[in-house]
Amino acid sequence: MARVEIVRLEKSFDETEVVRGIDIDIPDGEFVVLVGPSGCGKSTLLRMIAGLESITDGEIRIGDKVVNDVAAKNRDIAMVFQNYALYPHMTVAENMSFALKLRGEPKATIEKAVKRASSILGLDELLQRYPKQLSGGQRQRVAMGRAIVRDPKVFLFDEPLSNLDAKLRVQMRSEIKELHQRLKTTTIYVTHDQIEAMTMADRIVVMQAGLVEQVGTPLELYDAPANVFVATFIGSPSMNLYNGTIENGEAGLVLRMDQGAVLPVPQDCPAVAGHKVVFGIRPEDILIADGPGVVARISTVEPTGAETLLLCKVGDITTVVISRTRPTVGPGDEIALSFPAERLHLFDQATGRRL
């Protein structure tokens, strides 16, 4: 196990910057997820840590060693890829042991390592099968087993669940998290799926356009997003956003929506009268009001059992409401919505930064 430090890391392809001055400190044993939209630089960053991509500027340290010029095979890391990368002519046991054989490890050591990994991953009954005889989830376990037998300082996962169906992805998420809790190996995991990030990570690194937008625990990012991008990227369904202006009211500051409704502001609101803001509220925090409120017209009702999703229009803004009371409403109905002040997230309209 080892600490991983990324210091002012940059990567350019000709004149195109894809990673721009990134600083991340990953303590020994932590499970960190790099998340962001396609093209944000997360996989490139992972490949630089692995030694599969050269570095334009900055440093990568694994443990107390700078590894910028260290070959991938000498970095003591193990990587699990999206496409599994199993040798089709080798059995499960041979796939898992191949790296140790290349390293020249004794036969007894190899057998012990394979037995330990197969026991952890539930592969004991599959060791003599070939990849073509395995399901997608079993192939992914073999890829993970191949990484475990190496007993590396750092595990790197590059969107390992992308090829699995929805049900199997949920199962494998739990298995990977349980594996980390058992092995305590420093793990860096790349995904574009924020649900994977929220459910698996000790900390999440949200990236966009080669930059780190925010680093924090899943609940820190959910409860206090640093900017509009993080607010909309973390959470499913994503946060509802509206434009408005802070004004002086009879009893203090109020928030006037561009749609005309007037709302109370949070008690610790740092804005002043005249401040143009973007404000957001999570779908589950919106209440259906019995009396006056923000007028919304229902477009679609989506019952899911435990919850009902209401897709509404507030002016021309699509608004998602999650209700657990099974409201008896339908498309075309008008309802009044209540936005509790303590649940509002305020951002500067010009910069997008949290107020």
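**Rings, strands and buried residues**

Modeller: In this predicted model, Phe31, Phe155, Phe157 and Tyr189 are linked by ring pairs into a cluster.

Colleague: How many aromatic pairs does the structure hold?

Modeller: There are seven aromatic pairs in the structure. One of them joins Tyr87 and Phe98.

Colleague: What makes the pair of Tyr87 and Phe98 edge-to-face?

Modeller: The two planes are 65° apart, and an angle over 60 degrees counts as edge-to-face. The centres are 5.0 Å apart, which is within the 6.5 Å required for a pair.

Colleague: Which parts does that pair tie together?

Modeller: Tyr87 is in the loop between β6 and α2, and Phe98 is in helix α2 itself, so the pair ties together parts 11 residues apart in sequence.

Colleague: Why is the pair of Tyr242 and Phe339 called tilted?

Modeller: Its planes are 35° apart, with 5.6 Å from centre to centre. Stacked needs under 30 degrees and edge-to-face over 60, so this angle falls among the rest, which count as tilted. Tyr242 lies in strand β11 and Phe339 in the loop between β19 and β20, so the pair ties together parts 97 residues apart in sequence. Both residues are buried.

Colleague: Phe31 was named in the ring cluster. Which way does Phe31 point from β3?

Modeller: Phe31 points one way together with Val33 and Val35, while Val32 and Leu34 point the other way. Strand β3, residues 31–35, is mostly covered, with five of its five residues buried.

Colleague: How do you know that β3 and β8 pair?

Modeller: DSSP must find at least two bridges, and β3 and β8 have five, in the parallel sense. They therefore qualify as paired strands. Val32 stands opposite Ile188 in β8.

Colleague: In what order do the strands form the open sheet?

Modeller: The order of the six strands is β6-β7-β8-β3-β9-β10, with mixed pairing. β6 and β10 are the edge strands, each pairing on one side only. From one strand to the next, the twist averages 15°.

Colleague: Which helix lies across β6 and β7?

Modeller: That is helix α4, residues 136–148, which runs at about 175° to β6.

Colleague: Why is Ser118 called buried?

Modeller: Its relative accessible area is 1%, and buried means under 20%. Ser118 lies in helix α3, and its side chain reaches the backbone oxygen of Lys115 at 3.0 Å. That distance is within the 3.5 Å limit for a polar contact. Beyond its neighbours within four places in sequence, Ser118 is in contact with Met96, Leu123, Asp124 and Leu127.

Colleague: How many disulfides does the structure hold?

Modeller: It holds zero. A disulfide would need a pair of cysteine sulfur atoms within 2.5 Å.

Colleague: What makes Cys40 and Cys269 count as buried?

Modeller: Cys40 has a relative accessible area of 2% and Cys269 is at 15%. Both values are under 20%, so both residues count as buried.

Note on methods
Residues are numbered from 1 along each chain as its sequence is written. This is a predicted model: local features need pLDDT of at least 70, side-chain atom pairs count only at pLDDT 80 or more; totals for chains, interfaces and linings use all residues. Side-chain values use heavy atoms; hydrogens and water are left out. Buried means under 20% relative accessible area, exposed over 50%, partly exposed in between (1.4 Å probe, protein chains only). Helices (H or I, at least four residues) and strands (E, at least two) are DSSP runs, numbered from the N terminus. A polar contact is a pair of N or O atoms within 3.5 Å; within protein, one must be able to donate a hydrogen and the other to accept it, and residues adjacent in sequence count only if both atoms are side-chain atoms. Contact means heavy atoms within 4.5 Å. Axes are lines fitted to C-alpha atoms, for helices over the stretch in contact, and angles run from 0 to 180 degrees between N-to-C directions. Rings of Phe, Tyr and Trp (its six-membered ring) pair if their centres lie within 6.5 Å; planes under 30 degrees apart count as stacked, over 60 as edge-to-face and the rest as tilted.
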